[in-house]
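Please look over the model below.

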Amino acid sequence: MESHDMAHGGFFEPDQLMNNVSRIAHLPAVIVQGRYDVICPPVTAWRLHKAWPGSTLKIIQDAGHGAMEQGISKALVAATEQFRAGGRFRVNLRIPSKNIST
């Protein structure tokens with residue numbers, strides 16, 4: 001699906017996120033960016049961070065684009081834990097417990 005979206009120009013208009021960041025500016029955000037990312041250059045993360053009040057930008061010095069790179073995955077987990085600890089994005093779902101065998 002990602003390949004299809006990329007081959008067809010994605011689903012965003014040019015600068016759509018930047019032009020509409022005010023719609024999500026009230027949300028907390030941690031932007032995790034690899035220093036050596038050539039697919040989404042760090043300048044794009046910097047630009048988003050400057051436009052998004054309350055966002056935090058984490059540049060991972062030894063990483064590129066992959067979310068599974070050690071530094072990026074650690075930063076993503078830390079950001080998720082930070083939101084959990086702060087009570088952000090809490091969703092109250094009633095999920096029935098089941099024993100699941102693999």
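Phe11 sits in a loop. On one side of that loop in the chain is helix H1 (2–7), and on the other is helix H2 (16–19). The model is predicted.

Is Phe11 buried or exposed? Its relative accessibility is 65%. Phe11 counts as exposed because the cut-off for that class is over 50%.

## Lys58 in strand E2

Lys58 belongs to strand E2, which spans residues 55–60. Its relative accessibility is 41%. That value falls between the 20% and 50% limits, so Lys58 counts as partly exposed.

Which residues does Lys58 touch, leaving aside neighbours within four places in sequence? The contacts are Val30, Ile31, Val32 and Gln33. Gln33 lies 25 residues from Lys58 along the chain. Even so, the C-alpha atoms of Lys58 and Gln33 are separated by 6.2 Å.

## Overall fold

The protein has four helices and two strands. Read from the N terminus, the order is α-α-β-α-β-α.

## Surface and burial

The protein has 102 residues, and 20% of them are buried. Its accessible surface is about 8400 Å². Carbon and sulfur atoms account for 56% of that surface.

Notes:
Residues are numbered from 1 along each chain as its sequence is written. This is a predicted model: local features need pLDDT of at least 70, side-chain atom pairs count only at pLDDT 80 or more; totals for chains, interfaces and linings use all residues. Side-chain values use heavy atoms; hydrogens and water are left out. Buried means under 20% relative accessible area, exposed over 50%, partly exposed in between (1.4 Å probe, protein chains only). Accessible areas come from the Shrake-Rupley method with a 1.4 Å probe; for residues, only the protein chains shown count as cover. Contact means heavy atoms within 4.5 Å.
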